[in-house]
Each structure stands twice: as C-alpha cells, then as structure tokens.
Amino acid sequence: MSGAGLVGAGVLPAVGAVLQAAPSPSDGEEFNSVTVSPGLPGFLATFVLAVVVVAAS
C-alpha cells in the first residue's frame, strides 16, 4: 500500500492547513548573546559530560 490513502482521506491537506495557521513564536524581543547562550551552566555540563565520556573509554 502506498501513501495514496492519506491524500485521499484529506489528512495531508489538513496537516498543511494546521502548519500554515500556526503562529510564529514571536514575543517581540530581539535575540542577543545573553538570551540565546546557555552560559556557564551549559559549559560546565558539557565539560563534565566530555570528561565522563573520555574517562569511560
């Protein structure tokens, strides 16, 4: 069986309509390095994970 049943049932057009109707995530604030960066906690978590992986191998 192919995906023709999905198109005939109207599932794919319905999914397309939902995706087009979804609003974009905009809160009016501009992105900057503080709001996007994981900062020191993200660095430390990555560093600890790397140390554990290297030590385990």
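How many residues apart are F43 and F47 in helix α4, and by how much of a helical turn are F43 and F47 separated? Keep that in mind while we walk through this predicted model.

**Stop 1: the whole chain.** Show the protein chain as a cartoon. Starting at the N terminus, the elements follow the order α-α-α-α.

**Stop 2: the surface.** Of the 57 residues in the chain, 0% are buried.

**Stop 3: helix α4.** Select residues 39-56, which make up helix α4, where F47 has its place. Then pick out L40, F43, L44, F47, V48, V51 and V52: these residues form a nonpolar patch on the surface. Together they have about 680 Å² of accessible area.

**Stop 4: two rings.** Keep F43 and F47 selected and show their side chains. The structure holds 1 aromatic pair. F43 and F47 form that pair, and it is stacked, with 6.1 Å from centre to centre and 25° between the planes.

Now back to our opening question. F43 and F47 are 4 residues apart in helix α4, so about one helical turn separates them.

**Stop 5: exposed or partly exposed?** Look at each of the two residues in turn. F43 has a relative accessible area of 52%, so it counts as exposed, because exposed means over 50%. F47 has 48% relative accessibility, so F47 counts as partly exposed.

Methods
Residues numbered from 1 in each chain as written. Predicted model: local features only at pLDDT ≥ 70, side-chain atom pairs only at ≥ 80, totals over all residues. Heavy atoms only, no water. Patch = residues over 30% accessible without salt bridge, like charges linked within 9 Å, V, L, I, M, F, W, Y side chains within 5 Å. Areas by Shrake-Rupley, 256 points an atom, 1.4 Å probe, with all protein chains shown as cover. Salt bridge = Lys/Arg side-chain N within 4 Å of Asp/Glu carboxyl O. Buried < 20%, exposed > 50% of the residue type's maximum accessible area, 1.4 Å probe, protein only. Phe/Tyr/Trp six-rings, centres within 6.5 Å; stacked < 30°, edge-to-face > 60°.
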